[in-house]
Amino acid sequence: MSYRQDNLKKTKNIKVIVVLISIGVLFYFFSEPILSVGFGVLSYVTNPLWRVENDINDTMSSIPVFLRSQQSLTVENRALRAKIDYVGVQLESMDAIRKENQDLIREMGYVGKNDSTVLVSVLTGPNVPPYDSLVVDAGIDSGLLVGDSVLYADNVLIGEVSQVFSHSAKIKLYAGNGVSTDVIISGKESLHAVAEGFGSGNYYIELPSSSLISKGDSLVVPGSNSYLLGVVEYTQIDQTTASQKVLARSPFNIKSARFVRVIKSPKINVVE
Amino acid sequence: MLWNRLCFDLIIFVGVVIFSWWLVVSAIIYFFFLYESFYELIFFGLLFDTLYGVQIGYTQVARPVLFVISVLLYIILARFKQYLRFYA
């Protein structure tokens with residue numbers, strides 16, 4: 001009896017392929033605890049690396065300043081101070097409007113709730129497709145829970161806490177591919193819609209062609225706080241389907257976010 | 001040779017954490033063709049899922065999408081490797 005070597009090799013290759021596919025399928029459906037434990041262990045190595053990377057990036061970004069002339073720096077300084085003053089005035093008027101809004105809501109009988117927030121630093125941004133996620137430098141030790149909303153600045157909603165570990169957490173961004181968020185488009189008329197995440201801070205909405213949407217309209221998340229989700233950038237009417245395609249984007253560049261604010265859910269004490 | 005491979009594995013591990021994904025994937029594919037049975041490709045797919053994975057779309061839990069893609073990529077590239085004259 002003779003055994004052909006190429007047949008043996010072919011059989012081995014088929015076995016390897018079958019084993020790999022089986023592992024892939026099994027792991028796909030039963031992987032959650034392994035991935036969670038894996039991140040918890042790896043974070044002791046990766047978190048310091050991310051911090052070092054951020055520090056190096058900060059240092060490198062300040063090097064070009066030394067190569068610029070004093071005059072250009074003075075001009076830029078003046079322009080930035082004027083912009084800060086202007087934005088400060090806008091912020092004060094926004095605070096007054098927000099307070100008035102909350103007073104009106106309270107008059108209607110909705111008491112609202114006092115949310116406590118925590119400012120956390122971003123270790124790494126949405127760098128790996130298809131995942132649109134942030135890793136932040138706070139976890140169970142800072143009181144974060146799964147489902148806590150995450151804001152940029154005071155009023156821009158960007159996502160929610162997806163996984164929490166002892167000293168870090170992963171944030172799922174609402175602009176991630178396939179993530180749907182209920183919004184109200186506030187412009188000439190207020191329209192309820194569903195914003196589909198498109199990645200990199202972009203959203204896609206489909207509406208009837210008769211809807212009055214224009215560039216600059218705000219996407220606001222329904223609720224007492226009316227957090228901003230995005231701003232309409234582009235609209236296109238499709239005559240064949242009588243629908244209107246709306247593209248919106250986040251009002252800031254998510255990849256440049258260094259700090260975000262997490263709204264901590266109130267702890268519920270169960271009395272037995 | 002084994003020490004070389006381990007050093008490159010360590011560099012790619014740091015690259016997954018720090019560098020851009022396309023640079024790391026290019027390096028992994030390059031080393032796949034350089035070394036025999038480069039199962040580290042599957043490990044690094046799992047590493048991406050572990051570090052950056054969250055729920056996608058309508059799924060309730062984070063699924064290891066890149067791990068599955070890396071398994072399929074391993075099978076396809078291993079097959080492709082057999083037809084390259086360099087390995088004949």
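Student: How many helices and strands does the secondary structure of chain A come to?

Tutor: Three helices and 12 strands in chain A. Keep in mind that this is a predicted model.

Student: What does the radius of gyration say about chain A?

Tutor: Compare the value with the globule rule for the chain length. For the 272 residues of chain A the rule gives 19 Å. The radius of gyration is 25 Å, well over that, so chain A is more spread out than a compact globule.

Student: What does the C-alpha trace of chain A span along its principal axes?

Tutor: About 90 × 60 × 55 Å.

Student: What share of chain A counts as buried?

Tutor: Buried means under 20% relative accessible area. Of the 272 residues in chain A, 33% count as buried.

Student: And how do I read contacts by sequence separation in chain A?

Tutor: Take the contacts between residues at least 6 apart in sequence. In chain A, 54% of these join residues at least 24 apart.

Student: Now chain B. How do I read the packing of helix α2 against helix α4?

Tutor: Start with the axes. In chain B, α2 covers residues 21-34 and α4 covers residues 65-82. Their axes come within 11 Å and cross at roughly 45°.

Student: Is the crossing of α2(B) and α4(B) left-handed or right-handed?

Tutor: α2(B) passes α4(B) in a right-handed crossing.

Student: Which residues meet there?

Tutor: From α2(B), they are B:I29, B:F32 and B:F33. From α4(B), they are B:Y74, B:L77, B:A78, B:F80 and B:K81. By class, this contact has seven nonpolar residues, no polar ones and one charged one.

Student: Where is A:A242?

Tutor: In chain A, A:A242 sits in the loop between β10 (228-238) and β11 (243-249). Its relative accessibility is 47%, so A:A242 counts as partly exposed.

Student: What is the phi of B:S37, and where is this residue?

Tutor: B:S37 is not a glycine, yet its phi is positive, about 45°. B:S37 lies in the loop between α2 and α3 (40-52) of chain B.

Student: How does B:S37 count by accessibility?

Tutor: At 32% relative accessibility, B:S37 counts as partly exposed.

Methods: Residues are numbered from 1 along each chain as its sequence is written. Chains are lettered from A and ligands numbered from 1 in the order in which they are written. This is a predicted model: local features need pLDDT of at least 70, side-chain atom pairs count only at pLDDT 80 or more; totals for chains, interfaces and linings use all residues. Side-chain values use heavy atoms; hydrogens and water are left out. Axes are lines fitted to C-alpha atoms, for helices over the stretch in contact, and angles run from 0 to 180 degrees between N-to-C directions. Helices (H or I, at least four residues) and strands (E, at least two) are DSSP runs, numbered from the N terminus. A crossing is left-handed if the near helix is turned anticlockwise from the far one by less than a right angle, and right-handed if clockwise. Contact means heavy atoms within 4.5 Å. Ala, Val, Leu, Ile, Met, Phe, Trp, Tyr, Cys and Pro count as nonpolar, Asp, Glu, Lys and Arg as charged, and the others, Gly among them, as polar. The radius of gyration is taken over C-alpha atoms; the globule rule is 2.2 Å times the number of residues to the power 0.38. Buried means under 20% relative accessible area, exposed over 50%, partly exposed in between (1.4 Å probe, protein chains only).
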